[in-house]
Amino acid sequence: VYYQESVESVACGDFPSAIRVCNTCMGSLKSEMKTKGQSGLDAEVQRFTRELPQGSERTTLDLTSLEETPLPQRVDNSDAPIMSSDVDARWVQCENCFKWRHWMCGMYDDMQYKNHRPYYCKSCKHLEPRENFIDQITEAEINNNAENLNVIPMSTFIEEQVASDLKAAELKCEPVTIRIVSSLLMTSYAPERLIEHQQKLGESYPKEFPYKSKALLAFQKRDGLDVCLFALYVQEYGADCPEPNKNRVYISYLDSVRYFESDPPGHRSTVYHAVLVAYLQWTRMLGFKYVHIWVEPPKSGDEYIFFARSDQQRKPMKREKLREWYRAMLDKAKAKSVVESYGTMHDMFHNIKSIAEIPLFHGDQWEITVPSLLGLDQDDYDSKDRTKVRMDSKDVVQKAQQEMQHLKRHFLVVVLSDPEGPPQKDEDPVISTDLTDSRQTFLGQCQMCHWQFNTLRHAQYSTMMILNHIHNKPSYCIETCTRGRVEDGSFMVGCDVCDNWYHGDCVGISKDEANQMESYLCQRCAQNVEDQGGLDVDVAA
């Protein structure tokens with residue numbers, strides 16, 4: 001069964017279409033009506049009808065007008081009911097009680113119900129014949145749990161520090177799980193015009209800045225289901241990176257949703273500050289000296305990492321409020337002797353002798369500003385007079401300092417305290433997942449798949465889908481792969497039989513050698529071909 005608005009109610013209200021909801025949605029609406037009255041119900045109706053086709057938005061709903069409909073009309077050659085839109089069509093029927101539920105409401109992932117595995121709703125779950133589908137059920141239980149994501153030293157350290165901070169704050173709550181879901185060796189390239197400009201002056205400037213790109217996710221269980229609460233993307237420019245980026249960390253993006261639960265409530269900032277302070281402590285142990293933060297709150301309608309956050313979180317935040325939030329976090333880090341000092345870019349760079357001392361991070365505003373100070377953003381940048389402008393000229397340095405003063409509310413530069421002992425080596429492995437390797441990909445996938453965070457139920461479903469996507473990432477290369485069996489941007493060669501991909505250095509093939517081959521077979525497929533009598537192809541064994 002499901003519930004549909006009566007014909008009379010639709011006609012009286014002059015609505016373009018009837019509202020249809022599943023059993024779980026109906027229970028949620030009744031709960032809103034009981035606890036918050038008609039105003040609470042109306043707010044809930046406005047939220048979920050916003051996702052329907054244009055013109056279907058509602059501001060109110062009479063619950064008594066929803067009629068139980070036991071047998072929905074069927075799609076041809078399918079058991080699925082016909083609903084009002086593509087999103088509504090994603091329904092699933094319980095094998096035992098025969099009630100229909102939205103995929104999201106029923107926490108249904110079609111990838112976990114292959115080979116004729118029947119779906120049992122939450123109320124009927126105890127009746128599911130586990131012995132018939134034990135492998136699928138076990139795999140689903142593993143994949144749906146954030147704790148089963150790969151654990152590395154960085155995630156363990158931050159998770160332990162967060163737990164300690166929450167205990168010190170005397171908060172009673174479900175544990176917060178921290179996982180690093182991407183850790184890649186990347187390269188940021190200096191602007192081409194800047195390199196050309198310096199070459200014309202006969203002066204050197206680094207062409208590239210190697211760094212590690214990392215993504216961190218924080219989870220907490222709500223009603224037994226994981227919810228992704230917090231996401232952080234950073235760039236780590238280590239000791240092997242040339243100046244001016246050497247030993248600097250750039251906090252690229254962070255985002256959060258309002259579903260952290262604790263007793264007493266209202267401690268979202270407590271846990272998110274704890275994550276950031278622990279991360280700063282980790283980078284300090286690795287020998288990093290500076291951390292750069294671009295204080296740029298999302299504008300109205302902008303999404304940074306999480307798609308379709310709650311209405312309250314979509315309201316634009318003032319820069320000063322975000323800046324004070326960061327300052328409060330940094331004050332906590334100072335109290336722990338993790339941070340030595342912090343200030344504006346003008347505070348930290350007012351004594352520079354050349355704008356070559358200003359670090360350039362991938363995607364940061366100063367990647368554009370530094371060339372602009374030299375006039376390299378103009379169409380006639382390669383004119384004779386233009387190339388005489390030096391990075392250490394007094395006029396250019398003065399313009400840079402004026403720009404820093406103008407943007408003093410936009411940037412924070414943190415000086416980390418010296419570690420107690422020698423810097424530790426970052427031994428965390430390469431981690432790569434197409435979903436989480438960049439925040440643009442993460443956000444884009446969530447938008448495409450409607451993995452939303454506007455309600456707790458949406459967040460639980462979206463988190464389940466994200467976890468399954470990470471768990472089911474493709475495994476590349478050979479078992480003894482030195483790159484963590486991930487696609488890390490290095491040269492790879494594909495097998496023409498099994499379609500798997502292998503790092504060239506792991507199988508001993510250079511890019512030039514691969515270009516000379518008509519085809520390639522991996523060791524396993526080559527052995528199979530040999531057993532079957534051979535095949536006329538180039539084989540590297």
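Colleague: What volume does the second largest pocket have, and what makes a space a pocket?

Modeller: The second largest pocket has a volume of about 1,200 Å³. On a 1 Å grid over the protein atoms alone, a pocket is an open set of points with protein on both sides within 12 Å along at least five of seven lines, whereas a cavity is a set where a 1.4 Å probe fits but cannot get out. Points are joined across faces, edges and corners, and the volume is the space filled by probe spheres set on them. The model is a predicted one, in which local features need pLDDT of at least 70 and side-chain atom pairs count only at pLDDT 80 or more, while totals for chains, interfaces and linings use all residues. Residues are numbered from 1 along each chain as its sequence is written, and side-chain values use heavy atoms, with hydrogens and water left out.

Colleague: Which residues line the second largest pocket closest to its centre?

Modeller: A lining residue has an atom within 4 Å of a point. For the second largest pocket 42 residues meet this, and Y253, L254, D255, P298 and Y304 are the closest to its centre. Strand β9 (residues 248-256) gives the most, seven residues; a strand is a DSSP run of E of at least two residues, a helix a run of H or I of at least four, numbered from the N terminus.

Colleague: What is the volume of the largest pocket, and which element gives the largest share of its lining?

Modeller: The volume of the largest pocket is about 1,500 Å³. Its lining holds 49 residues, with C105, M107, L225, R457 and Q460 nearest the centre. Helix α2 supplies the largest share, eight residues.

Colleague: How is the lining of the largest pocket divided by class?

Modeller: There are 15 nonpolar, 16 polar and 18 charged residues. Ala, Val, Leu, Ile, Met, Phe, Trp, Tyr, Cys and Pro count as nonpolar, Asp, Glu, Lys and Arg as charged, and the others, Gly among them, as polar. In the second largest pocket the division is 20 nonpolar, 12 polar and 10 charged.

Colleague: How many cavities does the structure hold, and how much space lies in the largest cavity?

Modeller: The structure holds three cavities of 30 Å³ or more, and about 60 Å³ of space lies in the largest cavity. Its lining includes Y250, H292, W294 and F411, and by class it has 10 nonpolar residues, one polar and one charged.

Colleague: Is C495 called buried or exposed, and which is C12?

Modeller: Buried means under 20% relative accessible area, exposed over 50%, and partly exposed in between, with a 1.4 Å probe and protein chains only. C495, at 3%, is therefore buried, whereas C12, at 73%, is exposed. A218, in strand β7, is buried because its value is 2%.

Colleague: What makes β6 and β7 a pair of strands?

Modeller: Two strands pair if DSSP finds at least two bridges between them. β6 and β7 have 13 bridges, in the antiparallel sense, and therefore pair. One of the bridges joins V176 to Q220 in β7. Seven strands form the open sheet, in the order β6-β7-β8-β9-β10-β12-β11, with mixed pairing. β6 (176-189) and β11 (339-343) are called edge strands because each pairs on one side only.
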